[in-house]
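I opened my notebook to see what could be looked up here, chain by chain and contact by contact. Here is how it went.

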Amino acid sequence: MYRYNQFDTEYVRQRVAIFREQVARRIAGVLTEDEFKPLRLQNGVYLQLHAYMLRVAIPYGTLNARQMRALAMIAECWDRGYGHFTTRQNIQFNWIRLDDVGDILEALADVEMHAIQTSGNCVRNVTADHFAGAAKDEIEDPRMTAELLRQYSTGHAEFAFLPRKFKIAVTGAAHDRAVTAFHDIGINIVRKEGVVGYRIVIGGGLGRTPIIGTELVEFLPKADLLPYLEAVLHVYNRYGRRDNKYKARIKILVQELGIETLRAEIDAYFTATRDAFAGVPDAMLGAIEAAFQPPEMPPEMDVAEAYDLRHDAALSPALAAWMETNLEEHRDGRHAIVSISLKAPGATPGDASAEQMRVIADLAERYAYDEIRISHEQNVILPHVPKAHIAAVFRALDAAGLASANIGQLSDIIACPGMDYCALATARSIPIAQEIATRFTALKMERDIGALKIKISGCINACGHHHVGHIGILGLDRAGVENYQITLGGDGTEDAALGARTGPGFSAEALIPAIETILDTYLHGRKNRDETFLAFYRRVGMAPFKRALYPPTNRARHESAA
Amino acid sequence: MIDSNSARIVVDAAGFHLDDWHKRARFTPEDLAGLDAKTGASGVLVLDAAQRVEDLTPWLNVLTAVEIGFDNAGDGRGFSLARALRGLGYARDIRASGGIHVDQFRHALQCGIDAVILTREAASRMPEQHWVNAATTTALNYQARLGFASASWRSREDLNL
Ligand code: HEM
Ligand code: SF4
């Protein structure tokens, strides 16, 4: 795991001191709100519906036990005893006071954490595959690149006031778990003729204008990454639109200029400035590389045969069910990747109490080489658990209410904060997720349905990624009444696709029956259990869903309502 | 030609000064075509944040004073403009004016802007000491550690780069 060097520590401490002083000047009225706003945003502080919110970065989703305990402590001391893990590998505290922020940032700095650039119009926390370093299909650990980018983007003087936010994600595996096609820049680590480099995708995004990213460079040598990104950001900063915040993301620049013109512009700046870049010193690259080596294993590991989990499964049906959904194969056969679901049906997706955070921290320390990950699907991961200890980990999770066996299934829903916390919301999002999860798990349909991603956003800004949900739900406001649009067939992986609308939306009351109709259509129509919801949709298309959702008798009514 | 404005204060890393450009002629890129080199060298080129500085290349050896206008505190184009000018080899003074404030001073200096031009009102609201303090925070710079050249031509000369 990457540990702060003296520079990192000094830098983060300095930022805390500067922000304390900025808050003091704002309170004294020396800074105007217009001047202060970008400053607080660049330190992760939002003004939300009910209170200030602090968004803390978890760079590339990696944490250790000590850091997790610090988050628990912050939740207890300065918030209401819990935190909310987000879709961008951050944690949000929703109920904090502005004058506590300095102390919270100090507590974070104590454990090598920060809230720098978690919001604002700058390069945001760089995200990466949550199975990095454990996945079987990995070319290289993407966190090395993500850490390099963390350093590169932190406090970059030229890019602190971009037209709009700028999100970068990195994946090092063939199977894209980092949603790179939907980022301002998506970085895929690839191998070409034996050499490792990057494929760069630009201008993807969700929000009001969902767009799948376009390939900018097919193969970028590793040494060129930073000066090349510098050129991308430079061109974006100068030519990205600033007249309309909804047209200000780089995806719009890509659409308006066209990829060819944009690439030429970027290449020109890159070529002109490349020589002024001396290259990252070997010592720094070496330190980053060393930080992401596989964990040091105790000697007993050397003699460990691959432990057979079927013995454990035979002992407990609950454990067997959990292993079926929540374990993933590790590249080292003696380990498994454990996903801890933060989606207990009826709970708020992504929320964890301080107590739960401590349980996870203890387990990580005891059994999992002190490594924890946060996934963009708002779950927690123990990336390296010896198979011999899976049963013990399960029992401890179960005791803490953390053993929901639903990873990748119906009730593993991504939902944005929506009307419950967000000032921009047009509808509720969390309660809808709770209702869906409770209803269909009660009907015991979840196992039968199998792999399914439901994603819910409370307004068109799409923080809940509904465009890439196999079933996407978007909550809108139609003349003061909540109305939910449904999309089908979205996919955030390497087969990126945007969901298509079923047709007119549904009232809050009609939504759950509509979802049930969709699920029934799938269950009755699928070839067999191996045909997933997404595969079924790809085979049959929208028509059978439309027929079932809007039968002729109802259609007239819907149309007159629309 | 734009009217000069003598009521302004200039702040650089060392602190406040009276505006010493106020007697200079001011002109915009459109004026350059009709300008002789002597006037170019003695006046101030005033740039708008949307300017394509690449078009100014023939003038960059002649000019000695460039002022970049910032529209508002959220508009960072001026930082990139300064970087681009430095990248193109312009090695004399760059000053920023308009909606730029003390908490952006570090960014300005690191992008190769030498000083910020303030109105009297801004100078009284943001005292000198704040600017001097902000200037010291340029020392911790990830980008320099990672191998990027400093954009500040003064610090490059100081460091004999
Ligand atoms: C595949 C390799 C491993 C095997 C076969 C193995 C096996 C065992 C066994 C048989 C015990 C005694 C369990 C008991 O008394 O209930 C044990 C205890 C323990 N092992 Fe492992 N172990 C392995 C790897 C690891 C690793 C890599 C870690 C830490 C990262 C670890 C952490 C522990 C701990 C903390 C205990 C005490 C657990 C307790 O009392 O609940 N083990 N291990
Ligand atoms: S999608 Fe809309 S409601 Fe949901 S968090 Fe984002 S802005 Fe708020």
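Before the interface, a definition I needed: buried area is the accessible area, taken with a 1.4 Å probe, that two parts lose on being put together, summed over both. I also noted that this is a predicted model.

**Entry: the interface**

I looked up the area buried between chain A and chain B and found about 3500 Å², with carbon and sulfur atoms giving 57% of it. Which three residues supply more of the area that chain A buries against chain B than any other three? They are F7(A), F161(A) and R238(A), and together they supply 21%.

Next I checked contacts: 46 residues of chain A touch 34 residues of chain B. For polar contacts across this interface, I got 20 residue pairs, both partners being at pLDDT 80 or more. Sorted by class, the side of chain A that touches chain B holds 23 nonpolar, twelve polar and eleven charged residues.

**Entry: salt bridges**

I reminded myself that side chains of opposite charge can pair when their charged atoms come close. How many salt bridges are there between chain A and chain B? I counted seven. R238(A), already on my list for buried area, forms a salt bridge with E54(B), and the closest N and O atoms are 2.9 Å apart.

Over all chains, the count comes to 59 salt bridges. One I followed up is R13(A) with D110(A), where the closest N and O atoms are 2.8 Å apart. R13(A) sits in helix α1 of chain A and D110(A) in helix α4 (residues 101–110) of chain A, so this pair ties together parts 97 residues apart in sequence.

**Entry: the iron**

I then turned to ligand 1 and asked which protein donor its iron atom has. There is a single one, NE2 of H389(A), 2.0 Å away. I placed H389(A) in the loop between β15 (380–386) and α14 (390–399) of chain A.

**Entry: chain A as a whole**

Along its principal axes, I noted a span of about 65 × 65 × 55 Å for the C-alpha trace of chain A.

Methods: Residues numbered from 1 in each chain as written. Chains lettered and ligands numbered in written order. Predicted model: local features only at pLDDT ≥ 70, side-chain atom pairs only at ≥ 80, totals over all residues. Heavy atoms only, no water. Donors = N, O, S within 2.8 Å, 3.2 Å for Na, K, Ca; no water. Helix = DSSP H or I, 4+ residues; strand = E, 2+ residues; numbered from the N terminus. Contact = heavy atoms within 4.5 Å. Salt bridge = Lys/Arg side-chain N within 4 Å of Asp/Glu carboxyl O. Polar contact = N/O pair within 3.5 Å; in protein donor to acceptor, adjacent residues only side chain to side chain. Nonpolar A, V, L, I, M, F, W, Y, C, P; charged D, E, K, R; others polar.
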